[in-house]
Amino acid sequence: MKKLLITGFDPFGGERTNPSWEAVRRLPDALHGWQLTKLQLPTVFTAAAHRLLENVDELEPEAVICVGQAGGRSAITPEVIGINLQEARIPDNAGQQPVNEPVLPGGPAAYFATLPVRELVAAIQAAGVPAALSYTAGTFVCNNVLYSLLHHTQSSRIRAGFIHVPWLPEQAKEGQPSLPLAEIVRGLEAAIAVL
């Protein structure tokens, strides 16, 4: 069986839950020919990427999918690109709030995800779950993790990328978009099927 490392984040910004981890931990341990290793990352600049890359090196998976929360989005959104910028509107869970700092000093401006992002979107949509491509993973910890992962795996056979998921209904205020947890799980399962 091929190995997939799939990650979610702990709650941040005063939230009590994070749909990325809630969905990841509900995935089966084996799916579509993949053996899944699930990992929760801290919503902390540098520490999250460090923990992720340690596990990548230890596991040597064929693919890595990091999943994060993007409150305000109405669809599951595979990310096309990670950029070499850290700029936090709110502090991370360690109180860090970088402004206009590079993820990797002297590193390239950006890396493109090596997952088949368009196929992921099509598969999620075919499963009846809203999905769209995203061209910005933001400048918070999610982007830090994506950029660090793509830098780390650039010369390897590992396919890597990031998928953002919406708030759960219990997180969203009135009028804000959300997706039920079961739909997020179904969307992730559909994405894994086309890796």
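Q: How many disulfides does the structure hold?
A: The structure, which is a predicted model, holds zero disulfides.

Q: Is Cys 66 buried or exposed?
A: Cys 66 is buried, its relative accessible area being 0%.

Q: Is Cys 142 buried or exposed?
A: Cys 142 counts as buried because its relative accessibility is 8%, and the cut-off for burial is under 20%.

Q: Changing topic: where is the place of His 164?
A: His 164 lies in strand E8, which covers residues 159–165. With a relative accessibility of 4%, His 164 counts as buried.

Q: Which residues does His 164 touch, leaving aside those up to four places away in sequence?
A: Among them are Gly 68, Gln 69, Ala 70, Arg 73 and Glu 79, as well as Ala 137 and Cys 142.

Q: With which side chain does the side chain of His 164 make a polar contact?
A: The partner is the side chain of Glu 79, at 2.7 Å.

Q: How many residues apart in sequence are His 164 and Ser 134?
A: They are 30 residues apart in sequence, while their C-alpha atoms are 8.6 Å apart in space.

Notes:
Residues are numbered from 1 along each chain as its sequence is written. This is a predicted model: local features need pLDDT of at least 70, side-chain atom pairs count only at pLDDT 80 or more; totals for chains, interfaces and linings use all residues. Side-chain values use heavy atoms; hydrogens and water are left out. A disulfide is a pair of cysteine sulfur atoms within 2.5 Å. Buried means under 20% relative accessible area, exposed over 50%, partly exposed in between (1.4 Å probe, protein chains only). Helices (H or I, at least four residues) and strands (E, at least two) are DSSP runs, numbered from the N terminus. Contact means heavy atoms within 4.5 Å. A polar contact is a pair of N or O atoms within 3.5 Å; within protein, one must be able to donate a hydrogen and the other to accept it, and residues adjacent in sequence count only if both atoms are side-chain atoms.
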